[in-house]
Every structure is written in C-alpha cells, then in structure tokens.
Amino acid sequence: MKWNELIAATVKLIDLHDSNRDVGSAVVSPPETRPGRDDAIWLTIAIELLEFLHVETQETNESWIFIGSLIKELALKYSVSENDILYVVNYLSTPSKINFSDISADGQLTKASTKKTALIDRPRNKSIDRCRFTEIGLNAVKISKITQSFLYAKHDAEKLHTAIMTGDYPTIEIQGRLILQIIRGLSQQITKLYEGSPDDALEGFLNEKISEFDDAIIGVSNAIDAALELFSNQSEREKFEAWYELQETPTVNASSINALFKNILTSSYKLREKVSQFLEFFINENREAYGVVRFDQVALDIIKNPVRDSDVNWNLLKMAPWSAQAYFSSIYDFQGVVERKTQVKVESVSFEHSSQHTPGASINRFIDTHFEEIKTILETEDLSLSKAIEMGWLELDSEESIPDLLGLYTTPAWLEKEGLKVGIMLSIKPSTLLANTNGKQLYGRELILTKYDGEQ
Amino acid sequence: MFHSEMGTVFQFLLKNRIVESKATMKRRSRPGETEVAHILSSWGTDEMDGFQEFLNSQGFYLHEATDQDYKGIALGGKMWMLIRRPQDEVSSFLSIEPTMESIRIKDTESKEVLGVWFLHIWLMYLYLTYTKIGRSPEQVSRYEDTFFLAEDLIEAVREHLERVRATQFEEGSQKRLIEILDSEKGTDVNRRVKGFIDVMTKSNLIQKVSENEYQQTLIGAIEIAEAFRRVMLGTLVNEDSVIQNLHQLAVE
C-alpha cells in the first residue's frame, strides 16, 4: 500500500464521521467532489515531510528530528513560504477528536472517542524546527509500507509458524485466509489476462519477476510445510489442546487449522501451475482478442443482410438453451389410445391383460381372421404396423380393432401356432405419425413383425 | 464400477449441466449433486480422460473450474460444467424445440416466426450483458457484472423494434423478417421475453438473483466465449465489423 492508497481507502469513512446528517432525514447522494485545492499541495508536502521523518527515524537514534533545512527545501521546491510549510507541520501535529461506538462485553453499544490523531509531535517549548512521529504517525507509515504483492506472501506464511509458537491460534486463521485471498486474487487476475482483459502491471510482473515469483511460491510452500510439522508436534498439540479447553467459544480447532494449511499448499501448487501454463501460452501463441461487439447492430445487420436459416439454426443449436430429447417407444406409447377404447367397449380390454399372455375373445377373433394372411406375408417379407394399418386392420366387421392390432404387435407370441415363430422389431426411425383414424392418432416408432427360424 | 459412475454423472449433467462440490450463498445443492461431485473428485486422470472422450464423441466436454479461476465458486470449491464443443456436430438427441416453444404466444406460429423472435431477443440479451457494459465475448470473468431486470430486456427489444421500423430496408427477404418483427401487439414482447427468461433460467444460462433481476451464469459466459469465435463470427456476426476492435495479445 502507498500513501495515496491509504488515503483513498479511508477517506469515505472520515467523510461519514464528519457527516452532520440528522437521523431520519431524506436519503440524498453524497457529493462526488471534495473540498480542497486541485493540486493537493498541502497533502503532497505532508507526505514528503512524513517520508523524510520516516527515513531519518530509521537512520538515526535521535529523539527529535531536525526539520529546519527540510522546511527551507520544501518552500523552495513548491514555491511557497516557510510559513506555508509550518502550516502543514502544525496541522499534522494538532490532534482532533474522533468519535466511535464500541460494543461492550455485554453487547451494549457504547460511545467512545480518541484525540490521538496527531501524526507528529513537537517539543513543548514550541520549537518550530524539531518534530518526531507519534505512535499513530508510526502506524500510518507502517500501513503505507504494507504490500499486497504475492512476492511477500512468504513472510505472511512464516507468521503462521510464529503464531503456533506463541500460541496465538486465532491469528492462524486470519493470517491463513489472508494468504489464500492473495493467491486467489492473483490467480483470478491471470484468468482475466487469458480472457484478453489488459493488465500491464500483472503482465510486467509475470514477465520480469518470474524468478522472484517462483522463489516466493516455494517460500510459501516451505513455510506452510514447516508450520504443519510444528503443529503436528506432540508438545505443540498438547499446548493447543490446553488452550482449546480454556476457550468458551473457540474460533478454530485442530482439524480446521490442518485443513487451512493443506488448502494453502494446494492453492500455491495450482497457482504455480497456472502461471507456467499462462507464460507458455502467452509466449507460444499468437493470440487475438476481440473487443466489444455491437450486438444491437448485429441484430439490425441480420435484417439488412439476412443470414441463411441453416446459419441461424447452427448458432442457436450451439448457444441457445438445449434439452435432450430421445425417443424410446414402448407399450405405454399406446396406452392412451387403449384407455380411451376401454371406456367405450369393456369387452375389448384384452390388451390391458396382455401381461398374462392369454389372448382374449376379441383378439382371438382378430387373430383367426388375419392369421393366414399374416403367415403368407411373413413367408416372403416382414409386416410393419403401418402396412397392417394400410390393409385396413384397424377395423374388423365395421368395429374398431386398434387394441387387438396393437396387442398383436406387442405380444407376437400369440401368433406362434402351426410352427410359426414370430419376433418383433423396432425401427430406428424416430417417432412418426403411423395412423390418423376416427380422430385418434397413433404416434411412435415403427413396429415390425418378422418371421424367424429356431431359437432366438 | 467406473461405467456406472460415468452413467450417474452423465445423466446428472444432462439434466443440470452444472455440478458444484460445495453449495454457494446463492444456491443449495441439488438432489444427487453431492454424490456426483464426490464421484468426479475421486476420479484420477485416466477416468477423467475416459469420461472426456465419452463426452467429446457426443459434442460435449467437461469444463472444470475452481475458486481460483472465477468469483462465484464456493471457497475451496470446484465446479464442473457440461459445455457444447462448437467445433463438433451437434448430438442427434439435442433439441432446441422446447426453447423455441418457450416464446410461442399463438398456436399458429410457424418455426420460422419463433426462430426470428428468439434470435432477436437473444441478441438483445447479448447486447445487455456484453455491449452495454463494455464487455468482450471472451471476458468470461465479467459474468458477475451482468445484472439486468426483465424490464431492461423488454425495453431493449422494444427499442430494437423501433430501430427496425425506422430503418429503410430493401425489399426481398428482409421484408419477411420485418413483417414478423413488426407484427407484435400489446404485451406480445413482454410475454415472449418472459418465456425467454424462463427457458434461459431453466437451462442455467442465467440465474435469478432477486425479484425480477437476473444475471448471466458462469456456464452461460463460457459457452458464449467458446462459441463466439467458432460459430457466430462469419455467420451471424460480420468479421469486418469487429476487426477494428481486434488487438494482439501476443508478446513478440
């Protein structure tokens, strides 16, 4: 994180703190512009001053840092007076009160506030050329130096080891999830690169710092391995159990810690694999990416220049919702027809009892009538249901005989007399209309009676 | 054992198209999904390769993604998706007839009428989820930005019809298309769009995120990305019209 990121990350919270909106007032959009100068000169000078203090604090062991020469330097650099610089110093060193709400141990909302907001401190004698960081100022510098880069994930992983050593178990979960988040974020960014979303910073990182990246990922794996090993150590495990017993509502347990470590290991491995695949792909493939397509214009263009129906169907079959449809003809395909028949003529329900394999009176009459003809036809060719319908077998003596005909085609064994052996075949043609008679329609795949010899 | 597992997975995928190893905030597990996810997780490379071959021969492949690839997948979770392979022939058992039927508002409407309407509503859906938000068809990850209301799609279709009416077209085959689109009356568009949204939701290509609000799904985005280059370009989309957007990603 840098100073500008730190400021951007907190500014809305400060705005809300400073909002004097009354409870219950109308909802209005907050302003999108901020008060202040466009050149942000006071902020720029403040950051330069803080950076100077940071360097000096690191390099010396003085209690106060002399800023007399810096004031002159900054005044010259920014074409302002020394008083202008002192205005900034004064601003940074003057505390202001911030109000918070806290949740007490018994769940009550309590008011709290702090005035510890000054970033720098000046001597009590008001010396204008000396200052130092306050505790809050040092925190601000620390936060501004934190980096979310994956290159530092190794150090984050090493903190897990320390957390186990010191018995700070809740930190393990927080720290571990942070590492996973960094890995996941980087991995998702790489996915977006694959998809053609430009990201110069990431491309540069992958191209120029790949060896550092490799070191970092190996570092993460090693640190997690070490943490896992430490956590499985007998004495550490006992220490953890003792801690666990003392917790009223523990936020972690041994198995969740182990699972977290393993998850980080797996994720690191996958990230490494993904990065190497990406680099290979990126270097070897001359890839083109399409930008935004005007689909509203496409819709007009296809009217101006109509596309072939086959192209439209092709597109829709490839991209529109589809469903799987398959035809499996069975006896139940005809059940509706049969049931309608049974309502009219009770004596012709023999088909309903076909499972008994005993033809009823109606079917016997049907078979007796047509047996010789069927036998003759089967001597030379197969007999399809369509052909039987064409020959008028849906009726017998001016009475409807659909169930009898269908019964014959579903139980061909009824024809097996006088040495005739008959089988049934189902055509591979999809379902078609077989007959349309008396307002009743027969749909289904073609059924074919065929004669065979011997065992089948 | 492998073949029975393969059957279990295949029939689940044919019905649902997606298997997730963990439920997400937006969706609970479907019946049988845990078992199917368990089977897929247990398969080694050989089994997975065998299953992919089985799917490839039917014009599909299984796309696997994790939470490291896209947002919207449960933390530590995996998602497997049955995707059509645009380069292959469409399987004989696939049908878009129920899809076309979803936008039917009159019994007498022909397949041609339904096809024209579906195509134009579908292009307006692509306009909302890609063009309007400045998204390329290849940017799968941005599926998370594709919120739209049913009213937005109705409005987009209506505006498209207005543009069609305002444009001077020549006679010929264009006339027939304009006649079909111009015949809408009253709430026809609303009813067709409702049918479109229903069938897209049932097919998991979009998902309902709140009352009347929808979002493209990951599988919907992947299919568009896969098929755009191989299917749409040169048939529906004129390549010249997108050539100006083209940029090279390769590092020389």
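Visitor: Which residues line the largest cavity?

Guide: In this predicted model, the largest cavity is lined by A:Met319 together with B:Trp122, B:Tyr125, B:Met200, B:Leu205, B:Gln216, B:Gly220 and B:Ile224. Two helices of chain B, α5 (111–129) and α9 (218–232), each contribute at least two of the lining residues.

Visitor: What makes this space a cavity and not a pocket?

Guide: A cavity is a set of points where a 1.4 Å probe fits but cannot get out, whereas a pocket is an open set.

Visitor: What is the volume of the largest pocket, and which residues lie nearest its centre?

Guide: The largest pocket has a volume of about 2,400 Å³. Its lining has 49 residues, and A:Ile7, A:Val11, A:Ile14, A:Asp18 and A:Arg34 lie nearest the centre. In chain A, the elements that give two or more residues to this lining are α1 (3–18), α2 (41–59), α4 (82–93), β2 (98–103) and α5 (135–145). The most comes from α1(A), with 12 residues. By class, the lining has 31 nonpolar, 10 polar and eight charged residues.

Visitor: Which chains supply the elements that line the second largest pocket?

Guide: Both chain A and chain B do. The volume of the second largest pocket is about 1,400 Å³, and of its 41 lining residues A:Tyr194, B:His63, B:Glu64, B:Tyr70 and B:Glu226 are the closest to the centre. The elements that each supply at least two residues include α7 (169–194) and α11 (254–284) of chain A, and β2 (60–66) and β3 (78–84) of chain B. This lining divides into 16 nonpolar, 10 polar and 15 charged residues.

Visitor: Why are β1 and β2 of chain B said to stand at the edges of their sheet?

Guide: The sheet is open and has three strands in the order β1-β3-β2 (chain B), paired antiparallel. Each of β1 (18–20) and β2 has a single partner strand, so one side of each is left without a neighbour in the sheet. On average, neighbouring strands are turned by 20° against each other, direction ignored.

Visitor: How do you know that β1(B) and β3(B) are paired?

Guide: Pairing needs at least two bridges. β1(B) and β3(B) are joined in the antiparallel sense over three bridges, so they count as paired. Within this sheet, B:Ile18 stands opposite B:Met81 in β3(B).

Visitor: Which helix, formed by residues 2–16 of chain B, packs on the sheet?

Guide: That helix is α1 of chain B, which touches β1, β2 and β3 of chain B, and its direction makes about 115° with that of β1(B). α2(B) also packs on the sheet and touches β1, β2 and β3 of chain B, with an angle of about 80° to β1(B).

Visitor: What area do chain A and chain B bury between them?

Guide: They bury about 6,400 Å², 64% of it on carbon and sulfur atoms. A:Tyr290, A:Phe295 and A:Trp322 supply 15% of the area that chain A buries against chain B, more than any other three residues. In terms of contact, 51 residues of chain A meet 78 residues of chain B.

Methods: Residues numbered from 1 in each chain as written. Chains lettered and ligands numbered in written order. Predicted model: local features only at pLDDT ≥ 70, side-chain atom pairs only at ≥ 80, totals over all residues. Heavy atoms only, no water. 1 Å grid on protein atoms, 1.4 Å probe; cavity = no way out; pocket = protein on both sides within 12 Å on 5 of 7 lines; lining within 4 Å. Helix = DSSP H or I, 4+ residues; strand = E, 2+ residues; numbered from the N terminus. Points joined across faces, edges and corners; volume = space filled by probe spheres on them. Nonpolar A, V, L, I, M, F, W, Y, C, P; charged D, E, K, R; others polar. Axes fitted to C-alpha atoms, helices over the stretch in contact; angles between N-to-C directions. Contact = heavy atoms within 4.5 Å. Buried area = accessible area lost by both parts, 1.4 Å probe.
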